[in-house]
Amino acid sequence: LRGPLFILDRQAGTFSYTDNAQQEHIYDFKHIKIREGANPMLYYTKEKPVFIHKPFWRSFSKDYRQAWSFCVWYMDKNRPLPPDRIFYPYRDADFERRKAEGFPPPLYKSQISTREATPEQHAEREQYWKDKDYLEKQPTVML
């Protein structure tokens, strides 16, 4: 295995990071933040949020904001899975799990509307909550 390994656990709501010394660090995803700068990749303490530098996210996407948005969408277990082929086999089971839980509202505000797989499923979920109530306006950011 080359380089660090990270795991996003949707059900547990955790971000796991294995460093180059093969030591595992586990954090609540809600404490993860993106930060400007190059090194080190992670800042972590028990009292403060974890900061992940943009170059870390650029390792799997040219646009760190796109990578971060995907991670936030995926980690919100109260929203449908992101639209990627890899999730197709799990989509129905995920919908049924959220339905059995009473379609709890999203954990994180988003700038992306998250539709269900079918119009029928989407209409069923909207009886509990609507995207518009959990959409966040895009702030102006100077990079």
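Me: How many helices and how many strands does the secondary structure of the chain come to?

Reply: In this predicted model, the secondary structure of the chain comes to four helices and six strands.

Me: How are β2 and β3 joined, and which way do they run?

Reply: The strands β2 and β3 run antiparallel, and five bridges join them. Together they form a hairpin that has five residues between the two strands, and Gln 22, which sits in the turn, has a positive phi of about 65°. Across this pair, Phe 15 stands opposite Tyr 27 in β3.

Me: Which residues of strand β3 are on its covered face, and which are on its uncovered one?

Reply: In β3, which spans residues 24–28, His 25 and Tyr 27 make up the covered face, whereas Glu 24, Ile 26 and Asp 28 make up the uncovered one.

Me: What share of the residues in the chain is buried?

Reply: Of the 143 residues in the chain, 37% are buried. For single residues, the reasoning runs through a cut-off, since buried means under 20% relative accessible area. Asp 131 therefore counts as buried, with a relative accessibility of 5%, while Glu 126, at 28%, counts as partly exposed. As for their places in the chain, Asp 131 lies in the segment after α4, a helix that covers residues 119–125, and Glu 126 is also found in the segment after α4.

Me: How many salt bridges does the structure hold?

Reply: The general idea is that side chains of opposite charge can pair when their charged atoms come close. In this structure there are ten salt bridges. One of them is between the side chains of Arg 10 and Asp 94, with 3.3 Å from N to O. Arg 10 lies in the loop between β1 (5–9) and β2 (14–18), and Asp 94 lies in helix α3 (residues 91–100), so this pair ties together parts of the chain that are 84 residues apart in sequence. Arg 10 and Asp 94 are both buried.

Me: Where do Arg 79 and Asp 131 lie, and why does their pair tie together separate parts?

Reply: Arg 79 and Asp 131 form a salt bridge in which the closest N and O atoms are 3.4 Å apart. Because Arg 79 is in the loop between α2 (64–75) and α3, and Asp 131 is in the segment after α4, the pair ties together parts that are 52 residues apart in sequence. Both of these residues, Arg 79 and Asp 131, are buried. If we leave aside the neighbours within four places in sequence, the residues in contact with Asp 131 are Arg 79, Ser 113, Thr 114, Arg 115, His 122 and Arg 125.

Me: How many residues apart are Asp 94 and Arg 97, and in which helix do they lie?

Reply: Asp 94 and Arg 97 are three residues apart, about one turn of the helix, and both lie in α3. They form a salt bridge whose closest N and O atoms are 2.8 Å apart. Salt bridges that share partners join a set of residues into one network, and among its members are Arg 10, Arg 79, Asp 94, Arg 97 and Asp 131.

Me: What percentage of the contacts between residues at least 6 apart in sequence joins residues at least 24 apart?

Reply: For the chain, that share is 43%.

Note on methods
Residues numbered from 1 in each chain as written. Predicted model: local features only at pLDDT ≥ 70, side-chain atom pairs only at ≥ 80, totals over all residues. Heavy atoms only, no water. Buried < 20%, exposed > 50% of the residue type's maximum accessible area, 1.4 Å probe, protein only. Contact = heavy atoms within 4.5 Å. Salt bridge = Lys/Arg side-chain N within 4 Å of Asp/Glu carboxyl O. Pairing = 2+ DSSP bridges.
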